[in-house]
Amino acid sequence: MTKTGIKALIDKYQNGNASAEERGLLESWYNQDVRQRNEMDFPEDLWQRQEESLKMILGKEKTRSLWPRIVAIAAAVAAIVFGIWFFTGEREVLKQVQDDVAVNDIAPGKNGATLTLSTGEVITLDGTKNGVIIGDELKYSDGEILKQVQDDVHIQDDVHPQDDVHTQDDAIARHPELVSGSRTNDAKYTAATAKGQTYMVILPDGSKVWLNAASTLKFPSSFSRKVSRTVELAGEAYFEISKNKSQAFVVKTKKGDRFPEQEIKVLGTHFNVSAYEDEATVRTTLLEGSVDVGSVGVGRSRLKPEQQAVLSRNGIKVQAVRAEDAIAWKEGLFIFEDEPLEQIMRRIARWYNVEVVYDDGVDRSKRYWGSVSRYEQVSGVLDIMQSTRNIHFKVEGRRIRVMK
């Protein structure tokens, strides 16, 4: 936790504006980081407030329901104060140890993506940039021009299905490179991240999309003259949608082996969608606003903030969640909430671009809670997991071997 962050929390604490969880974070840091504490103007009475703060955090919940709340707070505290934290299904808090995972190590993922234009041209996006802006010209989020594409956009606006054949043919003759899609006003761009990559894309309407690793987003080069702003997602992305009451924003996800197609309709909101084909479900988590989630033959559900829709072949289940946990990946964290080992390892495989293999007898269903920085070397993540003493790892090239 940086000095700037600590100072901001101190100011909120002293002004009486700190939330219960912020007080918990501050108190944990106070008890752990003596050196920084001595260098700063820190409230002397803070240690006396711990019991009161804990009671406020827990509230009046019944004892049997306290554990998930404690877990979430512990994860946030440990992730910020200590950087890494993990424990097993037996709920025994673990300390970081330095067991040997492997002589080889693997660096974490980083910024990077490709953008495929409607002409078929593939552009490798600069990993040192934060994101790309789609419009009459392509440019990075810092303003640097990447490519002029206004002819592409304008031709799509000039050619419509209702136009007569001669008008369309004249337009196509002027721009033969745009034959594919010209007649349908449906020229598509595709932004894609590989394993070990993440990137931010600002769509033609100003909506922002952060792509997680191994994800693909397809969208029109222009949303003008369209009934809805429709995009297609495979993988995971966090959306911040620009409001437009006259043109809904629609996110479609394809059918997987274990879940049907899904359609999400919004006008302006913040939400996360995880739709990896190798998972059993599609998870849509709402942070702000309202979204309508549905699938043919399954039905539809309207989500409120702090709710998650879980789509499987059996239907849609809506559950209460900590929405911030769903976008922890965007903030540089893995947060695991009662997740089976196999699901955790799939996440690790996507971010570190590795293959995962299992020895016979490994319990892939064993569940874990924890928080780990996504910017650790892979050995740091695996070390903390194998400190449970019931699982071990070995890195062999770009393969992680899971052992009993």
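Helices (H or I, at least four residues) and strands (E, at least two) are DSSP runs, numbered from the N terminus. Two strands count as paired if DSSP finds at least two bridges between them. The model is a predicted one, in which local features need pLDDT of at least 70, side-chain atom pairs count only at pLDDT 80 or more, and totals for chains, interfaces and linings use all residues. Residues are numbered from 1 along each chain as its sequence is written, and side-chain values use heavy atoms, with hydrogens and water left out.

Strand S15 (residues 270-275) pairs with S12 in the antiparallel sense over 6 bridges. Here Glu236 stands opposite Ser274 in S15. Val209 has Phe239 in S12 as its bridge partner. Strand S11 (residues 215-220) is joined to S12 by 3 bridges, again antiparallel. Lys218 stands opposite Glu232 in S12. Strands of a sheet pair through backbone hydrogen bonds.

A further sheet is open and has 3 strands. Its order is S22-S25-S24, with mixed pairing. Strands S22 (355-358) and S24 (392-396) stand at the edges, each with a single partner strand, so one side of each lacks a neighbour in the sheet. The twist averages 25 degrees from one strand to the next. Axes are lines fitted to C-alpha atoms, for helices over the stretch in contact, and angles run from 0 to 180 degrees between N-to-C directions. S22 pairs with strand S25 (residues 399-403) in the parallel sense, over 4 bridges. Tyr358 has Val402 in S25 as its bridge partner.

Two helices lie across this sheet. Helix H10 (residues 341-352) lies across S22, S24 and S25, at about 155 degrees to S22. Helix H11 (residues 378-386) lies across S24 and S25, at about 160 degrees to S24. Contact means heavy atoms within 4.5 Å.

The helices also pack together. H10 and H11 meet at an angle of about 170 degrees, with their axes 12 Å apart. That makes H10 roughly antiparallel to H11 (angles under 35 degrees count as roughly parallel, over 145 as roughly antiparallel, 65 to 115 as roughly perpendicular and the rest as oblique). Leu341, Ile344, Met345, Ile348 and Tyr352 in H10 meet Val378, Val381, Leu382 and Met385 in H11. By class, this contact has 9 nonpolar, no polar and no charged residues. Ala, Val, Leu, Ile, Met, Phe, Trp, Tyr, Cys and Pro count as nonpolar, Asp, Glu, Lys and Arg as charged, and the others, Gly among them, as polar.
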